[in-house]
Amino acid sequence: MTEDKKKVQLDDIQKLVFERIAKNDTSSFKQLVVQLKNGVNFVDNDGMTPLQHACCKGNKDAVQILLDMGADINFNQHGADYTPLHFAALSGNTQVCRLLLDAGINVNSVNSVSRTASQMAAFVGNHACVETINNYVSRTSLEYYTQVHGQQKEPYIPPTQLKAFHTFVIEINLHPVRIALNAQNLGLLRHLPGLSRALSLMCVKEMQKTHDINELLAFKFHYFGWIVAELMRCDEQFKAQHKDKAGEGDAANKNDFIEVFVKRVLKENKLGQLDYVEFTVRECAREFPFRECTIFRQIATQLGSKDALPALQVLRNAINGMRGFVDESSYCSSCGQEKPDKKCSKCKAVQYCDRECQRLHWFMHKKSCARLLAASQAGAPGPQLPRAPIDASELREELAKLST
Ligand SMILES: [Zn+2]
Ligand SMILES: [Zn+2]
């Protein structure tokens, strides 16, 4: 950083490109960028490329265009060794992170203070970016499961479903309802047995690596495989129950077992706890095949403690890391997705991703909707749980990490 910055000669279009990105003026950026004569890999006086600036801004469209135009994700001249992923992680935009990950960016690159992009995101509290990066596996690494090996007659996943399989695997939301709905929406319900086997294999393979073993991913694959197996069980039960009742053609909707599964998951007991989730997650953890590893011990200890958090929460903390403070009211009441768009139009006290999530949760929510509405009309403090206080020691730890 001590050397003098080289003055860069930029032509007018190049200057304007930087200006438009700085203003997040995407439409005029689009018009300008096609006029560039020598590609998009150039830098401003700070050694920053248009891609790095667009990542800073969390501008997904601009990033996509630049990548399409051949922006080099490894081009780095600004001296602090931030990759575009570092900038994206700091911007908090998970979609920009995803674009860069899909483009093959190295997640292990460290900046001049020896921090990875994921660590930088954690430091500024961009948890969704941390999770997006840490849960990522490349699509090519999954191709193995779409090919025929050894005695196999067919691959676990048809090659045409690779993209869906990839999307399914890199999901950061661990809620069983989200996993089930993803399997359905991605068209993977016909491949559940193969999906389950592929995930168990992925878990084993992760643990047998000679270096860079990622226990967290191994556990996640085990868990996803477990939930897929639960879906298969539900499918079997559903078929058995409906065999005598309806004729073949009348089998209403083949996907109805997903509905059954979701209701099983969301059914609360008298204390508002999700018994099925609690049981399933605990059973899944017990059956993790690698007992010696840190994540297994951590989960087992936490689940065994006297005031254990809900099992799904324990799992989430173990796989995706603790979040400082969590506002539970900012999650979909059905699938646990963060920052959902819609609210129950009656009570406005619970949130959902979309109509489907709301519909699936109504059988539980209808019992409390009127009560929540009355409470809000009476001016009572909403249903939100009090925020957890800021943990001072955790904050100090984070600060200590940064200053080392
Ligand atoms: Zn949802
Ligand atoms: Zn309501």
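The protein has 19 helices and two strands, where helices (H or I, at least four residues) and strands (E, at least two) are DSSP runs numbered from the N terminus. This is a predicted model, in which local features need pLDDT of at least 70, side-chain atom pairs count only at pLDDT 80 or more, and totals for chains, interfaces and linings use all residues. Residues are numbered from 1 along each chain as its sequence is written, while chains are lettered from A and ligands numbered from 1 in the order in which they are written.

Residues 382–390, though, fall below 50. Where pLDDT is low, the predicted coordinates should not be read in detail.

Of the 404 residues, 37% are buried, meaning that 20 or more other C-beta atoms, placed from the backbone, lie within 10 Å of a residue's own.

Now for a pair of helices, α4 and α6, with the residues that make their contact (C-beta atoms, placed from the backbone, within 7 Å):

| Helix | Span | Contact residues |
|---|---|---|
| α4 | residues 60–68 | K60, V63, Q64 and L67 |
| α6 | residues 94–102 | Q95, V96 and L99 |

Their axes (lines fitted to C-alpha atoms over the stretch in contact) are 9 Å apart, at an angle of about 10 degrees. That makes α4 roughly parallel to α6, a label for angles under 35 degrees.

Finally, an unreviewed UniProt entry lists residues 332–369 as "domain: MYND-type"; such annotations may be inferred rather than shown by experiment. That span is 32% helix and 11% strand, and its end C-alpha atoms lie 15 Å apart.

Technical notes:
pLDDT = per-residue confidence, 0-100. Contact = placed C-beta atoms within 7 Å. Buried ≥ 20, exposed ≤ 12 C-beta atoms within 10 Å, placed from the backbone. Axes fitted to C-alpha atoms, helices over the stretch in contact; angles between N-to-C directions. Parallel < 35°, antiparallel > 145°, perpendicular 65-115°, else oblique.
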